[in-house]
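Hello,

Here is the structure we talked about handing over. Please have a look at it first, and then read on for what turned up.

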Amino acid sequence: MEGANALEKTGSISIFEEVGKMGHEQIVYCHDEATGLKAIIGIHNTVLGPALGGTRMWNYATEEEAAIDVLRLSRGMTYKAAVSGLNLGGGKAVIIGDPAKLKNEPFLRRFGKFVNSLGGKYITAEDMNMGTSDMEYIGMETNHVTGLPVEMGGSGDPSPVTAYGVYMGMKAAAKKAYGSDDLSGKKVSVQGVGQVGKFLVGHLAKEGAEIFITDINGDRLKQVSADSGAQVVGMDEIYDLPVDIYAPCAMGATINDDTLTRLKASVIAGGANNQLAEEERHGKLLRSEGIIYAPDFVINAGGIINISSELKGDYNKDLAYSWTEKIYDTTQKIFELADSHDIPTQQAAMKLAEKRIEEVGKVKLSL
Ligand code: NAD
């Protein structure tokens, strides 16, 4: 012990130091001996409204890994909601442990009680390893759940709306790069044809783009190729294709030192989260190479827009789509801001989000 004020650190990080750097409002540690529940709820910012973000269950190797994940993800949700014009803040929850071993009714209901104890300051939804039936159990203990299945009066799978938003963002980026948002005849590579990728491919096929797809799941590839006429390419080959647009729709960090020397596309616009391996450095590199990058958290916000419209009462699909369509204008605004300040588009998007939080925050404080 170095002194009376020395705090126990979670692994090698200090939670208060990290929270201080990232600006979180509240971190809630939830523990229940009887069910084995260990969860962390991160509430990043509630200036615009309650903190919305899914609950992810993962067998984290260390508590530190879980803590970093929840801090990073909840902060990301603040930016995503703010830039999308939603009256929501950013939050996220992580549950630590093996879903196959731990998840059952009492475990999930106990977690629901913790969510409820926050009185609506945090609203949860599905994320990795948390499905519909899990949400049903959580929903038995709290009303602060969204993104419920259609049978439960919810908005159902958000992926088609997410894909539509990505498509809108891609069109805005094409307009910037090529002077027209018409994607017919454009060569587009889509990495990952899961929920988001497959619906995106549908929009592209309808518009007459020449599509190239890859995935680790062979059956999915075959199906999407048969439905859309897209050409199947190898998993690594995708980075070397002579295409106009690259759409990462699988995992994060695919824009990195290696791929940046290989990618031929003038536009990058996809649904995956955290596409830039190093946000600042790779953002700058994209700008210096003249590649138009549509920031991931801006153009993949259709999902959160969709589940947030469920919060207003009766879910209205048309409203969710028309709100998502605004991603086109927002993306254009971000390109303008990036040019006027000579900054990367990712940074411009963050600036726009921060500006809205600051301005609306002042309005909320006024009489
Ligand atoms: P998904 O699991 O349905 O699809 C992902 C696909 O990527 C799968 O088909 C998988 O086989 C494939 N894949 C995995 N590794 C790959 C690799 N190395 N190369 C090529 N393909 C690979 O997930 P999804 O819901 O379509 O989400 C895709 C991405 O979009 C994720 O990063 C997710 O976080 C993000 N996202 C999704 C939504 C949504 O509404 N579903 C919203 C916002 C962001």
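Across which strands does helix H8 lie, and at about what angle to S8 does it run? Helix H8 (residues 218-228) lies across strand S8 (210-214) and S9, and runs at about 170 degrees to S8. Helices here are DSSP runs of H or I with at least four residues, strands are runs of E with at least two, and both are numbered from the N terminus. Axes are lines fitted to C-alpha atoms, for helices over the stretch in contact, with angles from 0 to 180 degrees between N-to-C directions.

A word on the basis: this is a predicted model, where local features need pLDDT of at least 70 and side-chain atom pairs count only at pLDDT 80 or more, while totals for chains, interfaces and linings use all residues. Residues are numbered from 1 along each chain as its sequence is written, and side-chain values use heavy atoms, leaving out hydrogens and water.

The chain is divided into domain 1 (9-77 + 88-147) and domain 2 (159-301), with bounds from an automatic or database domain assignment. Their centres, taken over C-alpha atoms, are separated by 30 Å.

Now to the strands, which pair if DSSP finds at least two bridges between them. Strand S1 (residues 26-32) and strand S2 (residues 37-45) run antiparallel and are joined by 7 bridges. Tyr29 has Ile40 in S2 as its bridge partner. The two strands form a hairpin with 4 residues between them, and Gly36 in the turn has a positive phi of about 80 degrees.

There is also an open sheet of 6 strands with parallel pairing, in the order S9-S8-S7-S10-S11-S12. Strand S9 (231-232) and strand S12 (292-293) are at the edges with a single partner strand each, so one side of each has no neighbour in the sheet. Within this sheet, strand S7 (residues 187-191) and strand S10 (residues 245-248) run parallel, joined by 4 bridges. Val190 is opposite Ala247 in S10.

Finally, helix H12 (residues 302-311) packs with helix H13 (residues 317-325) at an angle of about 145 degrees, the axes being 9 Å apart. Gly302, Ile305, Asn306 and Ser309 of H12 make the contact with Ala320, Trp323 and Thr324 of H13, where contact means heavy atoms within 4.5 Å.

Enjoy exploring!
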